[in-house]
Amino acid sequence: MKKKIYAFYQSIPAWPQSEEFARANLWKQSWQKAGWECVMLNSSHAKGTNQQIKLGRKMAEDPTFRLTNQKLVARFMRWCALMSAGGGWMSDYDVLNIGFTPKDAEALEKENQLHLLLDRPSCVFYATKNMCANVIQMFLSSVLSDNNVSRNECLILNYSDPGLTNLADKIFHPSAKKKSEEMAKKLAEILK
């Protein structure tokens with residue numbers, strides 16, 4: 001059985017769906033090539049849990065998360081979906097795997113029940129099911145935004161473990177507006 005990598009997709013009508021699907025397909029190709037089983041979660045995986053309902057209410061009361069910024073809502077709701085899936089590795093679907101193997105992941109899992117990227121939104125992270133529940137509780141009891149800017153997970157959780165520091169060489173997270181074009185170019189280089 002292959003190690004699973006999860007991603008979370010939430011349809012946002014203002015975003016071109018063809019671009020989102022292209023990113024997701026490129027994400028899947030790169031992670032499968034590195035030996036992972038790819039699983040796409042969505043809001044139906046997060047819905048119905050007590051934590052999701054409470055987190056949804058909290059974000060609805062915060063102007064930063066109101067309907068105008070569904071991307072931020074998805075960033076926090078994915079934790080509920082990952083908890084429902086039983087925990088594990090989560091990646092944004094615009095992150096290419098360029099060398100992060102299941103063996104690398106297993107070594108990190110032995111070190112800690114939670115791994116986040118430091119000083120930025122966690123485009124790749126690991127959490128056990130119980131740790132997901134703890135993280136969601138921390139979200140519920142913490143300030144999620146400052147001056148209409150959402151806080152990164154590592155700041156909210158006061159997380160400082162450098163466990164994923166070396167991951168930067170093993171993933172590719174594009175910065176361009178047309179991310180799928182940048183991802184396709186990088187994936188072509190990888191597949192050569």
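## The nonpolar cores

The largest nonpolar core has 34 residues, and Leu55, Trp79, Leu114 and Phe139 touch the most other members. A core here is a set of buried Ala, Val, Leu, Ile, Met, Phe, Trp, Tyr and Cys residues joined through side-chain atoms within 4.5 Å, where buried means under 20% relative accessible area (1.4 Å probe, protein chains only). This is a predicted model, so local features need pLDDT of at least 70 and side-chain atom pairs count only at pLDDT 80 or more, while totals for chains, interfaces and linings use all residues. Residues are numbered from 1 along each chain as its sequence is written, and side-chain values use heavy atoms, with hydrogens and water left out.

Helix 4 gives the most to this core, with 10 residues; helices are DSSP runs (H or I, at least four residues) numbered from the N terminus. There's also a second, separate core of 21 residues, including Ile5 and Trp27.

## Helix 3 against helix 4

The axes of helix 3 (residues 50–61) and helix 4 (residues 70–85) come within 10 Å and cross at roughly 170°. Axes are lines fitted to C-alpha atoms over the stretch in contact, with angles from 0 to 180 degrees between N-to-C directions. The two helices are therefore roughly antiparallel, the label for angles over 145 degrees.

## Cysteines

The disulfide count is zero, going by sulfur pairs within 2.5 Å. Cys80 is in no disulfide, and the nearest cysteine sulfur, that of Cys132, is 8.8 Å away. Cys80 is buried at 0% relative accessible area, and Cys132 is buried at 0% too.

Key: Buried < 20%, exposed > 50% of the residue type's maximum accessible area, 1.4 Å probe, protein only. Parallel < 35°, antiparallel > 145°, perpendicular 65-115°, else oblique.
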